[in-house]
Amino acid sequence: MPASSLALRPTGGADDGDRIDDTSFSRIAALVNRQTGIRLPPSKRMMVEARLRRRVRACGQPNLAAYCRFLFHEGGLDREALHLIDVVTTNKTDFFREPDHFRFLAGPGLDAMLGRAGGGRRTRLKLWSAASSIGAEAYTIAMVLAEAAARGPGFDFSVLGTDISTSVLAHAKMAIYPTAFAAPVPEALRQRYFMEARDPQRQEMRVVPELRARVSFARLNLMDTRYAVDSDFDAIFLRNVLIYFERDVQIAVVGRLIRHIRPGGFLFLGHSESAIGAELPLRQLAPATFQVE
C-alpha cells in the first residue's frame, strides 16, 4: 500500500477501534523520535499498529483505540513508555551481516589494533556493538576475535553490546537462537561456538559459555548527550541504525561515539550510512569502515 494511501485512509469503518487515529499516531511518533531519534513517518503506521497490538493484549485493553486512550488520557504513558519503545524500535540483525567488515576486522583491523597496543599476551582489546539488538553482531565480533586469538599472537578481548530495548537485551544475554538463524555462521564456527538443544525438536542453538563470558550487554540510549561507557574502545560497530535518524542527529551520535574510540581505532557504519563519516574527523579505509584520526 502506498504511503499516501496510509495517510489518507478513511476514518470510518467497523474496524476503527483496532486502528491508531491521526492524533495518537502523531503523539506516538513524537515520543519515539524524542526518546530514540527514530523517525516514524505516516508510511510506518501499519507497522506501528501491528507491533503495538502486543501491548494491547499485555495491558488488557480491547483494541488499539482503547490502548491509545489508556496512554494519553488515563495516565498509562509513564509506565508504558519503555514497553512502547521496545516493540516499536526496529531490531533487524543477523550473524555476519555485511561480512566485509568482519574480514577487515580479522585482517588489517586486528593487525593495526595489536600493533598499536604493542602485542603480547597481556594485550586486551575492547570492542563495542552500539546497537546490538538480540546480540548477533556482538557474538559475531567475539567469534572473529576468538578465532584470531586461537591462532596467535595471544591477546585478550571483551565485547560490549548496548541497545535501547530491554527485551532484545534479555534475548542477547540468553544467547539462544533458532537453528535456522545461525545459518550465516560458517560450519566450523557453528561447531566451535554453538551448542545444539538436547531436544532436536526445539531446533535451537546457544552460544557456548566461553564466548558468552567475553560479551556483556547493557541498556544505552544513543540520544543521550553522554554515554556511560569506557572511552578507550579499539573499535565500535554502529550499523544500519543511523538511517532512521535525521541528519543532524546522525552527526551528533557519531560525534559522541568517536569520543569513546582510541586514536587510530575504527568505526564501522552500515554501507548505506557511509557518507555520514565524511563530515567528521574520520579517515575512510574501506566501504563504511573508518579510522579515527
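This briefing covers helix α2 and the cysteines of the structure above. The model is predicted: local features need pLDDT of at least 70, side-chain atom pairs count only at pLDDT 80 or more, and totals for chains, interfaces and linings use all residues. Residues are numbered from 1 along each chain as its sequence is written, and side-chain values use heavy atoms, with hydrogens and water left out.

**Helix α2**

- Helix α2 spans residues 22–36, 15 residues in total; helices are DSSP runs of H or I with at least four residues, numbered from the N terminus.
- From first C-alpha to last, α2 reaches 21 Å, close to the 21 Å expected at 1.5 Å a residue, where the expected span is 1.5 Å times one less than the number of residues.
- At the start of α2, a side-chain oxygen of D21 comes to within 3.0 Å of the backbone nitrogen of T23.
- After α2 comes G37, with a positive phi near 85 degrees.

- S24, F25, I28, A29, L31, V32 and T36 are the buried residues of α2 (buried is under 20% relative accessible area, exposed over 50%, partly exposed in between, with a 1.4 Å probe and protein chains only).
- These residues lie on the same side of α2 because they cover an arc of only 160 degrees around the axis, taken from the directions from the helix axis to the C-beta atoms.
- T23 and R34 are exposed on the other side of α2.
- The cover over the buried residues includes α3 (45–58), α4 (64–72) and α5 (77–88).

**Cysteines**

- The structure has zero disulfides (pairs of cysteine sulfur atoms within 2.5 Å).
- The sulfur of C59 has its closest cysteine sulfur in C68, 11 Å away, which is too far for a bond.
- C59 is partly exposed at 22% relative accessible area, whereas C68 is buried at 2%.

Note on methods: Helices (H or I, at least four residues) and strands (E, at least two) are DSSP runs, numbered from the N terminus. Contact means heavy atoms within 4.5 Å. A polar contact is a pair of N or O atoms within 3.5 Å; within protein, one must be able to donate a hydrogen and the other to accept it, and residues adjacent in sequence count only if both atoms are side-chain atoms.
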